[in-house]
Amino acid sequence: MRAVRIHRTGGPEVLELEEIDEPIPGRRELLVRVRATSVNHRDIWIRRGHPHPAYRVAMPAILGIDLSGDVVALGATVEDFSEGDRVTVCPYLPCERCTFCRRARPQYCPNFDVYHGTYADLAILPARAALKVAPHVSDEALASFSNSYITAWQMLVGKARVGPADTVFVWAGTSGLGYAAIEIARAAGARVLASAGTQEKIAVLERRGVGLVVNHHEPGLVETVTEGTGGLGPTVVFEHVGRATWERSLTMAASGGTVVTAGATSGDEVSMDVTALFVKQLRILGSRLGTMDDALGALGHLEAGHFDPIVGAVVGLRDVERAHRMLEEGSVVGKIVVKPT
Ligand SMILES: [Zn+2]
């Protein structure tokens, strides 16, 4: 089978399309034919060799954590799946042994692992990370689902507990995670405002019904958002950008509001005014990926047709290197989906 692997960290050129042996599923694993996957910033952090242990993988590695696929073979002890099942993945793999896991709080497992391995014709998937999916969901939508929608669900539903009384501001609303946040906040009944970095991206969000979209490269963004929220500011700021937006997130948030974050695409190191933080009584919530419960909650909405991810490009396995460059440049509006066939 074909797989895109990395043998070392580095630029997009370390992604190599190779012919390798077909994997054999272990006792508790599924072998899945990959219909589609997509590229995520997480893949880029791993490829570049981000120093945080959460981004460390054994080499050679097949990256890719999103999946639309069909089960083609089963391990000996797998019971809940059959050949031909349409599946996706919840990439967050808690250890199942620590205090947090044993007390039904797997989101806080300190020994978690993250699934990867879908930049290929076939992927091995632990049965405990697999979810069955209804056949009517498109491959493009399902390949845009796991990393973005499960993560955003945990951030907004699990952490910020978003509801109809909230006004949610989403940075970079056409990004995979950003658009997932817009759709989940809307599904929870909240009002949504967003930012985008180009006129084209702003127009896409406006066409998809986001009432106020501001350009995050232009001055006056905080003032515009404050005006657009009746002078109060958003009750929830959805952060995943980091250095370039952090101070503005804290400045715009409503009194007693929440800043929830699960990413730092522009840089990890930020500065902030601690006095402004505590006088305004803000809550800063960190989050990462999401559990099987989050996955099931979000998947229900995807299957019901409530979510419609923005797909900006579809490429083949031989173009994964190019897809990484496109994601790094921000040149595509929406997700970049990879289809092996
Ligand atoms: Zn654990």
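Biologist: Hi! In which crossing does H4 pass H5, right-handed or left-handed?

Modeller: Hello! This is a predicted model, and in it H4 passes H5 in a right-handed crossing.

Biologist: Which residues make that contact?

Modeller: On the H4 side you'll find Asn 147, Ser 148, Tyr 149, Thr 151, Ala 152, Trp 153, Leu 156 and Val 157. H5 brings Gly 176, Leu 177, Ala 180, Ala 181, Ile 184 and Ala 185. Sorted by class, the contact of H4 with H5 has 10 nonpolar, 4 polar and no charged residues.

Biologist: And what is the angle between H4 and H5?

Modeller: H4, residues 146-159, and H5, residues 176-187, pack at about 50°, and their axes are 8 Å apart. Angles under 35 degrees count as roughly parallel and 65 to 115 as roughly perpendicular, so H4 and H5 are oblique to each other.

Biologist: Why give both an angle and a distance?

Modeller: Because two packed helices are described by the angle between their axes and the distance between those axes.

Biologist: Got it. How does H4 pack with H10?

Modeller: The angle there is about 105°, with the axes of H4 and H10 (residues 292-303) 9 Å apart. That makes H4 roughly perpendicular to H10. From H4, the contact uses Tyr 149, Ile 150, Trp 153, Gln 154, Val 157 and Gly 158. From H10, it uses Asp 294, Ala 295, Gly 297, Ala 298 and Leu 302.

Biologist: How many of those are nonpolar, polar and charged?

Modeller: The contact of H4 with H10 divides into 7 nonpolar, 3 polar and 1 charged.

Biologist: Let's change topic. What domains does the protein have?

Modeller: The domain assignment gives domain 1, which is 2-145 + 309-338, and domain 2, which is 149-286. Taken over C-alpha atoms, the centres of domain 1 and domain 2 are separated by 27 Å.

Biologist: How many residues are in contact between them?

Modeller: 12 residues of domain 1 are in contact with 13 residues of domain 2. The side of domain 1 that touches domain 2 has 5 nonpolar, 6 polar and 1 charged residues.

Biologist: Now the open sheet: in what order do its 6 strands come, and is the pairing parallel or antiparallel?

Modeller: The order is E13-E12-E11-E14-E15-E16, and the pairing is parallel. The edge strands are E13 (212-215) and E16 (283-286), each of which pairs on one side only. Ignoring direction, neighbouring strands of this sheet are turned by 20° against each other on average.

Biologist: How many bridges join E11 to E12?

Modeller: There are 4 bridges between E11 (residues 167-170) and E12 (residues 191-196). As an example, Val 168 has Val 192 in E12 as its bridge partner.

Biologist: Which helix packs on that sheet, touching E11, E12 and E13?

Modeller: Helix H7, residues 221-228, does. Its direction makes about 170° with that of E13.

Biologist: What about H1 and H11, where do they meet?

Modeller: His 41, Ile 44 and Arg 47 in H1 meet His 324, Leu 327 and Glu 328 in H11. By class, this contact of H1 with H11 has 2 nonpolar, 2 polar and 2 charged residues.

Biologist: One last thing: which peptide bond is cis, with omega near -10°?

Modeller: That's the one from Met 59 to Pro 60. Pro 60 is in the loop between H1 and strand E4 (61-62).

Biologist: And what is the phi of Ala 104?

Modeller: Ala 104 has a positive phi of about 60°, although it is not a glycine. You'll find Ala 104 in the loop between helix H2 (99-102) and strand E8 (113-114).

Definitions and conventions
Residues numbered from 1 in each chain as written. Predicted model: local features only at pLDDT ≥ 70, side-chain atom pairs only at ≥ 80, totals over all residues. Axes fitted to C-alpha atoms, helices over the stretch in contact; angles between N-to-C directions. Helix = DSSP H or I, 4+ residues; strand = E, 2+ residues; numbered from the N terminus. Parallel < 35°, antiparallel > 145°, perpendicular 65-115°, else oblique. Left-handed = near helix turned anticlockwise from the far one by under 90°. Contact = placed C-beta atoms within 7 Å. Nonpolar A, V, L, I, M, F, W, Y, C, P; charged D, E, K, R; others polar. Domains from an automatic or database assignment. Pairing = 2+ DSSP bridges.
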